[in-house]
Amino acid sequence: MYKTAFSIDQFMAEFWQQRPCLLKQGIIDFVDPLSAEELAGLAMEEDIQSRIVSHKAGHWTALQGPFEDFGILGESHSSLLVQGVNHWNGNIANLAEAFSFIPNWRFDDVMVSYSTTKGGVGPHIDQYCVFIIQGSGTRHWRVGNKQVLKEFTSDDKLKHCEDFIADIDVILEPGDVLYIPPGCPHEGYAIEPAMNYSVGFRAPDAKELLSGFADYMLRHDVKAKRFIDPKRPPSKEYGRIAENDIIGLNKLMISLLNSPTNTAHFLGEYLSETAHSSDLCVLSDAEDQIDYHRLHANMDEGLVLKRCAGVKALYLDVLPYQLFVDGHAYKIPTCSWALAKSLCDYSRVDSHSFRAFNEDAKQLDWLIELINAGYWYFDEID
Ligand code: SIN
Ligand code: CO
């Protein structure tokens, strides 16, 4: 388990979404959750997004993975970056949990980088906020407050910005954390080979949400009102769309957004989807599948139920109770709601939490379905 060592209240009030800050030794007793070799192993996989960025002889290059050979990293001036590592490595998923004072729907992924000496991705601005945790090695970081800067693309793939004024200029050591809000320019170069962990957050824009909502309505065949115009006065301008008509059509569109049930259900599905696939342990063989009796045998053994790394599980605390996992909704009986909530709020739940359900098999059908789909699995207590 990773624990933060700063005042969360003060951080949220003074820095979150406002200005960058250095949280010196922000994680207690930090040890790298994975090695550079394990990171390279992930970068060899087809369905994991990875890049190698180099800056040699004044020229930037960015190559997309998967990679078979890491010789191109060389001795200096390059970085290997792997996205969504929290989906593939339980220790990295645990590291992200240190930031669970921000709700899960806001979390995006953990990107891990390994940099050789002087390696870095160059000065740039991200649209999302991020906590950058220093692992082994040291790295020189410069971070500026929001400022007007020209942005351009290097090597067709890398978004860079011009020189900026840095408000933070620091050498990060293992366990140090930098918080960078959206729009703040930053750059970091390794002083010696270094591991960095970027816990990133998502902030959907209105356009993405609206287009997601439109897909949701089609998928669920949501009933929608149609435009009507009884007692319309005869028109003398055949080609004109009158202001009144625009107001009426606008109201019609907004009427769909004004349905709290639809929008909440849509947000549950939409926000529980993730951009990366996970290493789910789907129990597809009939003999491996869990049923009510196996569930109870596992509880009696005192096993813990763990959420698979990277799986996003959210809930709406309104009736009828619903759980949203990986873009799908599950109806939960009121009597097992406390358990469903715990499974979303915590990455592991011990078997005592199930005791209340010993008598009624039906109450846990949803859980059996989720375990068989590979989203949760039983494990020994560690
Ligand atoms: C890195 O770890 O090199 C990149 C982190 C970032 O700038 O967002
Ligand atoms: Co960045």
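Residues 24 or more positions apart account for 78% of the contacts in the chain with a separation of 6 or more, where contact means heavy atoms within 4.5 Å. This is a predicted model, in which local features need pLDDT of at least 70 and side-chain atom pairs count only at pLDDT 80 or more, while totals for chains, interfaces and linings use all residues. Residues are numbered from 1 along each chain as its sequence is written, chains are lettered from A and ligands numbered from 1 in the order in which they are written, and side-chain values use heavy atoms, with hydrogens and water left out.

**Overall architecture**

- The chain contains nine helices and 19 strands; helices (H or I, at least four residues) and strands (E, at least two) are DSSP runs numbered from the N terminus.
- Along the principal axes, the C-alpha atoms fill a box of roughly 75 × 70 × 45 Å.
- The domain assignment gives domain 1 (8-201), domain 2 (206-258) and domain 3 (292-379), with bounds that come from an automatic or database domain assignment.
- Taken over C-alpha atoms, the centres of domain 2 and domain 3 are separated by 40 Å.

**Surface and burial**

- Of the 382 residues in the chain, 46% are buried; buried means under 20% relative accessible area, exposed over 50%, and partly exposed in between (1.4 Å probe, protein chains only).
- The chain exposes about 20,200 Å², of which carbon and sulfur atoms supply 53%; the areas come from the Shrake-Rupley method with a 1.4 Å probe, and for residues only the protein chains shown count as cover.

**The cobalt site**

- The cobalt ion (ligand 2) is coordinated by His124 (NE2), Asp126 (OD) and His186 (NE2), at 2.0 to 2.1 Å.
- Donors are N, O and S atoms within 2.8 Å of the metal (3.2 Å for Na, K and Ca), and sites may look incomplete because water is not among the atoms.
- Along the chain, the donors of this cobalt ion follow the spacing H-x1-D-x59-H.
- Histidine 124 counts as buried because its relative accessibility is 11%, whereas aspartate 126 is partly exposed, with a relative accessible area of 28%.

**Phenylalanine 131**

- Phenylalanine 131 is found in strand β6, which covers residues 130-134.
- With a relative accessibility of 0%, phenylalanine 131 counts as buried.
- Leaving aside neighbours within four places in sequence, phenylalanine 131 is in contact with residues including Phe11, Trp16, Leu23, Phe99, Val177, Tyr197 and Phe201.
- The C-alpha atoms of phenylalanine 131 and alanine 96 are separated by 9.7 Å, and these residues are 35 residues apart along the chain.
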